[in-house]
Amino acid sequence: MKATEMSDAPSTPTTQSAQEPLALGTAAGAHVIAVTSGKGGVGKTFISANLAAALTRHGLKVLVLDADLGLANLDVVLNLHPKITLHDVFTGRASLEEAVIEAPGGFSVLLAGSGMVEYSRLTPEVRNQFINVLQTLTPRFDVVLLDTGAGISDVVLFSVSLAAEVLIVATPEPTSLTDAYAAIKVLATQQKRQHLRLVVNQAARAGDGRAITSQLQQVLNRFVTTDSGRPVRLLHLGDIPADNAVREAVMRRQLLLQGAPGSPASLAVAQLANKIQATLLS
Ligand SMILES: Nc1ncnc2c1ncn2[C@@H]1O[C@H](COP(=O)(O)OP(=O)(O)OP(=O)(O)O)[C@@H](O)[C@H]1O
Ligand SMILES: [Mg+2]
């Protein structure tokens, strides 16, 4: 990748609405971390679920919130069939207590459910309900992971704006990197993020992630400046190798950490959890 500006045309719809981070996690209780991406299908839900399981093993109280309101699939990955979802909470049919359920890895989940399709447009009401839910939940947990949708639509940017820290997931594919760049640019300029963290998933070789991070950083240094006048910093959090065990675990609807704990991808997720504990949670 050369240090020329990448296309700003991601594969998902774009909208321009400035949303500075509310960063709810810094105020009370849990560290709120958004797991997001430019391109879809790069491993956000797989990483959110397995990272939650790994952090739970550290003795932390973890919640994964299915923030992909339009196309939620955390329930599929975890083989959960929730009767009550965020949709019921938003419509007042159920309490938040009823909607937060335990996942196989010992962590909590709040699932969006298919009824959330109607929330794929961001109205002030949805915004407020989302904020209320998160404000109620953060004091009860150590970590809240927001498994967001991909791209830079209003809903995605809004859910990311609720997090103090952002993990961008990308694969080494050029399309994924171009879209990651577009997402980083929007988060740096609209949300005034000074730094973002990159996880390279489906890495082919050790060292891929570090090289990709520095290539992206070079482009950002030239073309994206934050309000402070400094370029946004992209911090490499870790890599997860391409591993067939991931696909097999997803097909079995099982956590990788439980189904194939010794697999290379599982060990990489565990390492990612160690790094998060050491850098973000201490
Ligand atoms: N490290 C990996 N090795 C091999 N396959 C992987 C890996 N990570 C993810 N996958 C495959 O990619 C698929 C998509 O992953 P996942 O559903 O987590 O992506 P996503 O980013 O959440 O997608 P969406 O944008 O639709 O929400 C998985 O079902 C799995 O088959
Ligand atoms: Mg997903």
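Strand β2 (residues 62–66) and strand β5 (residues 143–150) run parallel and are joined by five bridges. Within this pair, Asp66 has Asp147 of β5 as its bridge partner. Strands here are DSSP runs of E with at least two residues and helices are runs of H or I with at least four, numbered from the N terminus; two strands count as paired if DSSP finds at least two bridges between them. The model is a predicted one, in which local features need pLDDT of at least 70 and side-chain atom pairs count only at pLDDT 80 or more, while totals for chains, interfaces and linings use all residues. Residues are numbered from 1 along each chain as its sequence is written, and chains are lettered from A and ligands numbered from 1 in the order in which they are written.

Both strands belong to an open sheet of eight strands with mixed pairing, in the order β3-β4-β2-β5-β1-β6-β7-β8. At its edges lie β3 (100–102) and β8 (233–241), each of which pairs on one side only. From one strand to the next, the twist averages 25 degrees. Helix α12 (residues 264–279) lies across β7 and β8 and runs at about 150 degrees to β8.

Helix α12 also meets α2. The axes of α2 and α12 are 9 Å apart, and the two helices pack at an angle of about 65 degrees (axes are lines fitted to C-alpha atoms, for helices over the stretch in contact, and angles run from 0 to 180 degrees between N-to-C directions). The two are therefore roughly perpendicular to each other, a term that covers 65 to 115 degrees; under 35 degrees is roughly parallel, over 145 roughly antiparallel, and the rest oblique. Ile47, Asn50, Leu51, Ala54 and Leu55 of α2 make the contact with Val269, Ala270, Leu272, Ala273 and Ile276 of α12, where contact requires C-beta atoms, placed from the backbone, within 7 Å.

A further helix pair is formed by α8 (residues 174–190) and α9 (residues 208–223), whose axes come within 11 Å and cross at roughly 50 degrees. That makes α8 oblique to α9. Leu177, Ala180, Tyr181 and Ile184 of α8 contact Ile212, Leu216, Val219 and Leu220 of α9.

Turning to the ligand, 19 residues surround ligand 1, the closest being Gly40, Gly43, Lys44, Thr45 and Phe46; a residue is near if its C-beta atom, placed from the backbone, lies within 6 Å. The elements giving two or more residues to this shell are α2 (44–57), β7 (195–203) and α10 (244–251).

Notes:
Contact = placed C-beta atoms within 7 Å.
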